[in-house]
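Start with how the chain packs against itself.

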Amino acid sequence: MRILIVEDEHRIATAIKKGLEQEGYAADVAYTGTEGYAFAVTEEYDLIILDLMLPGKDGITFCKELRGEKIHTPVLILTAKGQLHDKILGLDSGADDYLTKPFAFEELLARIRALIRRPKVTQSNVLVIEDLQLNTLSFETTRNNKPIFLSHKEFSLLEYLIRNAKKVLTKDQIIAHVWNYDADILPNTIEVYIRKLRNKVDLPFPKSRHLIQTVRGFGYKIGT
Ligand code: CA
C-alpha cells in the first residue's frame, strides 16, 4: 500500500514517512500543496495524508480539486487546526477523515487501516484467500494454519495481490502500489519478489493449490 504525505513541516513529514515505512507502507513526501497535487493526480496512491496550511495550494483547495478530477483516493487531513469549523470544511471538501496534531502515531495507523479497507468487501484486518491468511494488524501470515515468515516488502506485495484477488496486475501497477516514487525498481525486481513469495507461500504447501499465477505477457494475479 502506497501513501502520499503532503506536509510542509519537514520534521513531521520525515517522522510520518519513517513510521509508515516501518509498518511496511511505501510513502512519498511532498512539501507544498502544488507538488503534492501533481503527485496525487499522476501517481497511484492508496491514501493521501494532507496538511491544511500548505504553501502553494492549501489543503481544502487540494481536496476540492482532487475530487473535481474524479480522483477518489482516500484523504486523511492532518492539521493543527482543531476547531469544529475547520473539520467540517475539510470533510465537506471531500476528505474522508480528520486527525488533529499533536496525535498519537498509533491512532494515525488505525485511521489509515480503516480508510484503506473502507471501500473493500473485507471489513476485517484479516485477508483470506483459500487457506492463506494475512493479518494486516499483526503481520502474521499463515497457510493451512502454518506460519509463514515474510519480509515487509513481501508482505506488502502479497497484501496488494490479495486485495486485488483474481485481477491481473501489471508489473507497473505493482511497482506503483508497493514501492515509493524514489525507489529504483526494475520490472525484474518484481519477478524476484514474486519468486520469493512463491517459495514461501506456494511451494512449501504441495497439498494446496498454487495461488500466485503468472499471466504471460500481462502480469500476475492471485486466485482464480
Ligand atoms: Ca502546514
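Among contacts (heavy atoms within 4.5 Å) in the protein between residues at least 6 apart in sequence, 58% join residues at least 24 apart. This is a predicted model: local features need pLDDT of at least 70, side-chain atom pairs count only at pLDDT 80 or more, and totals for chains, interfaces and linings use all residues. Residues are numbered from 1 along each chain as its sequence is written, and side-chain values use heavy atoms, without hydrogens and water.

The protein holds eight helices and eleven strands. These are DSSP runs, numbered from the N terminus: helices are H or I with at least four residues, strands are E with at least two. The radius of gyration, taken over C-alpha atoms, is 18 Å. Of the 224 residues, 48% count as buried, meaning under 20% relative accessible area with a 1.4 Å probe, protein chains only.

Now the metal. Which residues donate to the calcium ion? Asp 8 (OD), Asp 51 (OD) and Met 53 (O) do, at 2.1 to 2.4 Å. Donors here are N, O and S atoms within 2.8 Å of the metal (3.2 Å for Na, K and Ca); water is not among the atoms, so sites may look incomplete. Asp 8 lies in the loop between β1 (2-6) and α1 (10-22), and Met 53 in the loop between β3 (47-50) and α3 (59-68), so the pair ties together parts that are 45 residues apart in sequence. Met 53 is exposed (over 50%), at 54% relative accessible area.

Notes:
The radius of gyration is taken over C-alpha atoms; the globule rule is 2.2 Å times the number of residues to the power 0.38.
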